Amino acid sequence: MAVALQFCRLCIRPDTFAPGSGSIRRRKPSSVRCSTGNDDTYSPSVTMDSDFDAKTFRKNLTRSDNYNRKGFGHKEETLKLMNREYTSDVLETLKANGYTYSWGDVTVKLAKAYGFCWGVERAVQIAYEARRQFPEEKLWITNEIIHNPTVNKRLEEMDVKIIPVEDSKKQFDVVEKDDVVILPAFGAGVDEMYVLNDKKVQIVDTTCPWVTKVWNMVEKHKKGEYTSIIHGKYNHEETIATASFAGKYIIVKNMKEANYVCDYILGGELDGSSSTKEDFMEKFKYAVSKGFDPDNDLIKLGIANQTTMLKGETEEIGKLIERTMMRKYGVENVNGHFISFNTICDATQERQDAIYELVEEKIDLMLVVGGWNSSNTSHLQEISEVRGIPSYWIDTEQRIGPGNKIAYKLHYGELVEKENFLPKGPITIGVTSGASTPDKVVEDVLVKVFDIKREELLQLA
């Protein structure tokens with residue numbers, strides 16, 4: 001269901017940076033919109049004035065005294081703490097035995113790439129460092145650090161508070177000078193960075209470098225007057241942040257929406273899926289930049305992506321757009337109408353490749369462990385579902401039970417319950433986890449499975 005966007009005014013001061021820190025054009029007050037969706041995402045995107053140089057602003061911010069993205073010298077001790085809290089003896093046993101091991105009647109096959117990626121581990125570790133560096137200060141975070149309930153609850157226990165949201169608007173007025181504000185692994189919109197810098201707070205930036213790589217790409221699109229076609233979910237924090245650095249943009253969720261856009265470019269001669277300009281704007285009303293005109297803004301296109309999307313789909317969308325521009329403007333002119341660079345996250349790709357390999361093995365079912373609002377985990381579930389394997393996407397072990405019962409999500413978000421999800425007798429289970437999932441969470445899930453099968457054997461004895 002579409003949710004109306006709420007607007008507030010964002011006033012920009014001309015003295016954002018001290019003299020000598022680099023020039024930046026002043027922008028007029030602009031509207032900040034807070035987008036909501038079925039996954040309860042509240043990150044704002046911003047309608048930027050055309051003369052605002054987001055790249056220069058961000059460059060100057062990263063050089064300012066109130067900004068940190070490298071930690072505070074407590075890496076060794078914080079990593080030790082994280083290892084105690086998040087590692088798993090069960091998963092270490094699996095890795096030491098070729099990613100396959102049996103416990104009683106349960107054989108577990110673990111994907112060869114799974115769980116915490118480098119960017120997530122880095123983000124959590126820097127957040128832990130921030131708490132250690134600022135033991136008495138108020139610590140805020142603009143969104144969940146990552147999409148995992150266990151880690152987010154741990155930060156909450158450390159008194160790191162998420163900036164509250166009211167009427168779909170973040171309440172930055174709770175943040176005071178000298179507070180510390182963490183930017184999560186997904187990044188934050190340029191409007192949020194501006195507000196926080198204006199408040200003179202200490203900014204701790206844990207944004208994944210792969211995300212900033214995409215920001216650099218859409219900034220190149222903007223400089224070359226290309227419209228960015230962003231493969232992502234318009235209400236996902238990362239995509240909202242990426243869009244805030246773009247010029248003109250349109251966000252497509254999947255191949256079907258990309259086909260619609262390309263059919264419109266070709267005047268309905270691709271597959272006839274598109275319709276009028278009015279219908280186009282209604283379809284993408286929450287997924288385009290301010291003032292977007294499909295008749296004028298689909299002439300020069302550059303592809304970018306939310307880093308957690310399906311690698312193969314991003315590639316197919318890029319190929320489709322390239323073919324469309326060749327057909328529209330001629331093969332010899334395509335370079336003036338389409339540009340593409342690889343911005344697919346290595347960790348996302350590795351986890352998807354690993355589950356493609358795992359689904360080819362002989363397994364009775366798949367357990368996909370990760371936050372229910374995790375985009376990259378949803379695609380791991382999707383790969384398993386498409387292969388026709390009984391697959392259960394759960395965020396914690398609490399979704400299992402009582403007894404042999406499970407509450408899980410399908411890849412598109414539907415919540416399902418199933419009785420007797422574990423077959424009787426010896427079973428082989430495939431296991432993978434999203435890039436935001438600690439090993440300990442996967443272990444807790446497997447222990448629940450072992451307990452159910454152990455109880456089954458006791459009943460038969």
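This is a predicted model: local features need pLDDT of at least 70, side-chain atom pairs count only at pLDDT 80 or more; totals for chains, interfaces and linings use all residues.
pLDDT is the predictor's confidence in each residue, on a scale from 0 to 100. Over residues 1–48 the pLDDT stays under 50. Across the chain as a whole, the average pLDDT is 90, and 89% of the residues reach a score of at least 70.

Turning to the overall build, the chain holds 461 residues, of which 56% are buried. Its accessible surface amounts to about 20,700 Å², with carbon and sulfur atoms accounting for 47% of that area. When contacts between residues at least 6 apart in sequence are considered, 69% of them join residues at least 24 apart. The secondary structure consists of 14 helices and 21 strands.

Strands of a sheet pair through backbone hydrogen bonds, either parallel or antiparallel. Here 5 strands are arranged in the order β4-β12-β11-β7-β8, and the pairing is parallel. The edges are formed by β4 (67–68) and β8 (160–162), each of which pairs on one side only. On the β4 side, the neighbour is β12, spanning residues 202–205; the two strands run parallel and are joined by 2 bridges.

Definitions and conventions. Residues are numbered from 1 along each chain as its sequence is written. Side-chain values use heavy atoms; hydrogens and water are left out. Contact means heavy atoms within 4.5 Å. Helices (H or I, at least four residues) and strands (E, at least two) are DSSP runs, numbered from the N terminus. Buried means under 20% relative accessible area, exposed over 50%, partly exposed in between (1.4 Å probe, protein chains only). Accessible areas come from the Shrake-Rupley method with a 1.4 Å probe; for residues, only the protein chains shown count as cover. Two strands pair if DSSP finds at least two bridges between them.
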